[in-house]
Amino acid sequence: MTTSVCTSASTPAGFPSFSSYVRARGPVLLRAARSLSPNPNDAEDLLQTALTKTFVAWERIEDHRALDGYVRRALINTRTSQWRKRKVEEFACDELPEPDPTPVPDPAELQGLRDAMWRAVMRLPARQRAMVVLRYYEDLSEAQTAEVMEVSVGTVKSAVSRALAKLREDPELAMIGA
């Protein structure tokens with residue numbers, strides 16, 4: 001024997017019982033839940049929780065024509081509560097998980113490298129040396145270097161390319177890089 005839990009206000013809306021309401025409006029409410037949760041399984045759980053809250057309050061709901069609004073509000077409130085209660089992946093520990101500091105190179109070694117590089121640049125022909133200094137020490141573009149040297153951009157590109165090839169083959173720099 002089933003007893004009607006609804007008040008007389010539910011009859012005009014066409015939902016004499018909670019189960020008939022869920023059967024009729026379930027797909028629409030599920031779409032609303034899916035708009036609140038990216039995971040379809042979480043959306044189903046969210047709707048189930050909201051419907052449980054609605055079932056508990058079924059007798060207190062005076063206007064059953066506004067049930068969709070009530071369930072939607074329950075969906076939003078439940079989702080907000082879940083968001084607020086989410087787990088934060090932080091754990092207390094004795095030591096801070098800081099990365100090991102990167103080793104700082106020895107200033108004397110850096111100065112030795114700079115000196116060796118400069119000696120290698122000084123061994124380049126004057127024109128190539130001037131273009132390398134303008135491009136990499138003065139940080140000029142190829143066009144600016146070409147303008148200063150009064151040559152074409154292509155000449156700068158080829159001269160700098162040949163100069164860099166000589167620097168790569170320099171025996172003093174090869175010993176340092178090894």
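The axes of helix 6 and helix 8 come within 9 Å and cross at roughly 100°. This is a predicted model, in which local features need pLDDT of at least 70 and side-chain atom pairs count only at pLDDT 80 or more. Residues are numbered from 1 along each chain as its sequence is written.

Q: Why is helix 6 called roughly perpendicular to helix 8?
A: Angles of 65 to 115 degrees count as roughly perpendicular. The axes cross at roughly 100°, and helix 6 is therefore roughly perpendicular to helix 8. The contact (heavy atoms within 4.5 Å) involves residues of helix 6, including Met131 and Tyr136, and residues of helix 8, including Val156 and Ala163.

Q: What makes helix 7 and helix 8 roughly perpendicular to each other?
A: The axes of helix 7 (residues 142-149) and helix 8 (residues 153-169) cross at roughly 105° and come within 8 Å. Helix 7 and helix 8 are therefore roughly perpendicular to each other. In this pair, Glu142, Ala143, Thr145 and Ala146 of helix 7 meet Val153, Val156 and Lys157 of helix 8.

Q: Why does Tyr136 count as partly exposed?
A: Buried means under 20% relative accessible area and exposed means over 50%, with partly exposed in between (1.4 Å probe, protein chains only). Tyr136 has 44% relative accessibility, so Tyr136 counts as partly exposed. Tyr136 lies in helix 6.

Conventions: Heavy atoms only, no water. Helix = DSSP H or I, 4+ residues; strand = E, 2+ residues; numbered from the N terminus. Axes fitted to C-alpha atoms, helices over the stretch in contact; angles between N-to-C directions. Parallel < 35°, antiparallel > 145°, perpendicular 65-115°, else oblique.
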